[in-house]
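Me: I would like to learn how to read a few features of a structure, one at a time. Please give the general idea, then the case at hand.

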Amino acid sequence: MSPRTEKQLAAHKEAKKIEVIRGALQLFANRGYFNTSINDIAKELKISKGFLYNYFASKEELLNAVIDFALKEASELNFSEEELRDLSPVEIFQKFIDGYFVLLKEKKELWRFIASLAIHVGSIPSVHKTISIVYEKLTHDLETLFVMIGHKEPANEAIKLGALMDGIGIQYLIFGESYPLE
């Protein structure tokens with residue numbers, strides 16, 4: 001068997017890194033960030049702590065990688081400008097809400113992680129900054145849609161819709177399939 005090329009080594013290392021991130025996401029979602037140690041992650045993934053530290057210098061650095069990964073997973077809710085170009089603002093809202101519900105159903109672990117993180121976001125400054133940027137972008141996008149449909153208070157309505165959707169997400173996490181998303 002011939003030795004791996006630089007490109008193969010890089011791909012292998014990236015695959016292992018994603019494996020660690022997915023494992024940490026699962027543990028953070030189920031146990032919470034503060035209740036999960038580096039030892040827990042290493043044990044669950046059947047790797048050494050040294051191996052894990054080879055990829056991430058600290059638990060917080062790993063957390064930020066998990067957040068980046070989770071936000072990319074959640075970005076499935078986003079649609080390209082091309083997809084939205086011929087739709088009315090009301091159709092865009094409908095696509096947004098339908099996409100949110102699909103994501104809630106298909107990515108429960110992701111939402112458990114986001115919900116648990118939201119509770120403690122003020123305790124971790126690097127995370128607070130990331131979450132704030134995402135929240136501000138989403139609120140701005142919703143506000144733009146409310147402007148397009150001629151709402152009198154688009155900024156206020158965007159915040160209220162975001163809060164309503166957060167509440168729906170939390171209720172669905174608590175009650176699961178018995179919660180009526182329809």
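Me: Where is Lys46 found?

Reply: Helices are DSSP runs of H or I with at least four residues, strands are runs of E with at least two, and both are numbered from the N terminus. Lys46 is found in the loop between α2 and α3. This is a predicted model, in which local features need pLDDT of at least 70, side-chain atom pairs count only at pLDDT 80 or more, and totals for chains, interfaces and linings use all residues. Residues are numbered from 1 along each chain as its sequence is written, and side-chain values use heavy atoms, with hydrogens and water left out.

Me: What phi does Lys46 have?

Reply: Most residues other than glycine have a negative phi. Lys46 is not a glycine, yet its phi is positive, at about 55 degrees. The residue sits just after α2.

Me: Is Lys46 buried or exposed?

Reply: Buried means under 20% relative accessible area, exposed means over 50%, and partly exposed lies in between (1.4 Å probe, protein chains only). Lys46 counts as exposed because its relative accessibility is 76%.

Me: Which residues of helix α2 are buried?

Reply: Helix α2 covers residues 38-45, and Ile38, Ile41, Ala42 and Leu45 are buried there. Seen down the axis of α2, these buried residues fall within an arc of 95 degrees, so they line one face of the helix. The arc is that of the directions from the helix axis to the C-beta atoms.

Me: What do the buried residues of α2 pack against?

Reply: Contact means heavy atoms within 4.5 Å. The buried residues of α2 pack against α1 (6-31), α3 (49-55) and α4 (59-74).

Me: What is found at the start of α2?

Reply: A polar contact is a pair of N or O atoms within 3.5 Å; within protein, one must be able to donate a hydrogen and the other to accept it, and residues adjacent in sequence count only if both atoms are side-chain atoms. At the start of α2, a side-chain oxygen of Ser37 comes to within 3.3 Å of the backbone nitrogen of Asn39.

Me: Where is Thr36, and what does its side chain reach?

Reply: Thr36 lies in the loop between α1 and α2. The side chain of Thr36 reaches the backbone oxygen of Gly32 at 2.7 Å. Thr36 is buried, because its relative accessible area is 1%. Leaving out residues up to four places away in sequence, Thr36 touches Leu27, Phe28, Arg31, Ile41 and Lys59.

Me: Which residues form a nonpolar patch on the surface?

Reply: Like charges are joined within 9 Å, and nonpolar side chains (Val, Leu, Ile, Met, Phe, Trp, Tyr) within 5 Å. Accessible areas come from the Shrake-Rupley method with a 1.4 Å probe; for residues, only the protein chains shown count as cover. Val90, Met148 and Ile149 form such a patch, with about 290 Å² of accessible area together. Ile149 is in the loop between α8 (125-148) and α9 (154-175), and Ile149 counts as partly exposed because its relative accessible area is 40%.

Me: How many helices and strands does the chain have?

Reply: The chain has nine helices and zero strands. Buried residues make up 34% of its 182 residues.

Methods. Patches are made of residues with over 30% relative accessible area and no salt bridge: like charges are joined within 9 Å, nonpolar side chains (Val, Leu, Ile, Met, Phe, Trp, Tyr) within 5 Å. A salt bridge is a side-chain nitrogen of Lys or Arg within 4 Å of a carboxyl oxygen of Asp or Glu.
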